[in-house]
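Welcome! Take a moment to look over the sequence and the structure, and then we can walk through them together.

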Amino acid sequence: MEIRVNGKVENIEVEGSLSVEALLSELGVEAARGVAVAVGDQVVPRSRWSEPVIEAGNSVEIIRATQGG
């Protein structure tokens, strides 16, 4: 499956849809507090991260809150 993550094309080996949890794991992103994910123009609530909401061609934005000045 080809998707765009933070503006970069990624090819993920999966059939059908993909969950946010699976995508974060595949990319090596810790699903800790301070991480937000949007698929298309919709933020995916953490409570839905285990649901298969990502499909081929989707654009995904992963945002990490950081602290500092």
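**A helix, a sheet and a core**

Val20 touches Val37, Val44, Trp49, Glu51, Val53 and Ile54, leaving aside residues up to four places away in sequence. Keep in mind that this is a predicted model.

**The core**
- The largest nonpolar core has 18 residues, and Val20 is among those with the most contacts inside it, along with Ile3, Leu23, Val37, Ile54, Val60 and Ile62.
- At least two residues of this core come from each of β1 (2-5), α1 (20-27), β4 (35-39), β6 (52-54) and β7 (59-64).
- In soluble globular proteins, nonpolar side chains tend to be buried together.

**The helix α1**
- Val20, Leu23 and Leu24 are the buried residues of α1.
- Looking down the axis of α1, you find these buried residues within an arc of 95°, so they line one face of the helix.
- Ser25 and Glu26, on the other side of α1, are exposed.
- The buried residues of α1 pack against β1, β3 (18-19), β4, β6 and β7.
- Just after α1 comes Gly28, with a positive phi of about 75°.

**The sheet**
- Follow the order β2-β1-β7-β4-β5 and you have the 5 strands of an open sheet with mixed pairing.
- β2 (8-11) and β5 (42-43) stand at the edges with a single partner strand each, so one side of each has no neighbour in the sheet.
- β4 and β7 pair in the antiparallel sense over 5 bridges.
- Ala36 has Ile63 as its bridge partner in β7.

Methods:
Residues are numbered from 1 along each chain as its sequence is written. This is a predicted model: local features need pLDDT of at least 70, side-chain atom pairs count only at pLDDT 80 or more; totals for chains, interfaces and linings use all residues. Side-chain values use heavy atoms; hydrogens and water are left out. A nonpolar core is a set of buried Ala, Val, Leu, Ile, Met, Phe, Trp, Tyr and Cys residues joined through side-chain atoms within 4.5 Å. Buried means under 20% relative accessible area, exposed over 50%, partly exposed in between (1.4 Å probe, protein chains only). Helices (H or I, at least four residues) and strands (E, at least two) are DSSP runs, numbered from the N terminus. Contact means heavy atoms within 4.5 Å. Two strands pair if DSSP finds at least two bridges between them. The arc is that of the directions from the helix axis to the C-beta atoms.
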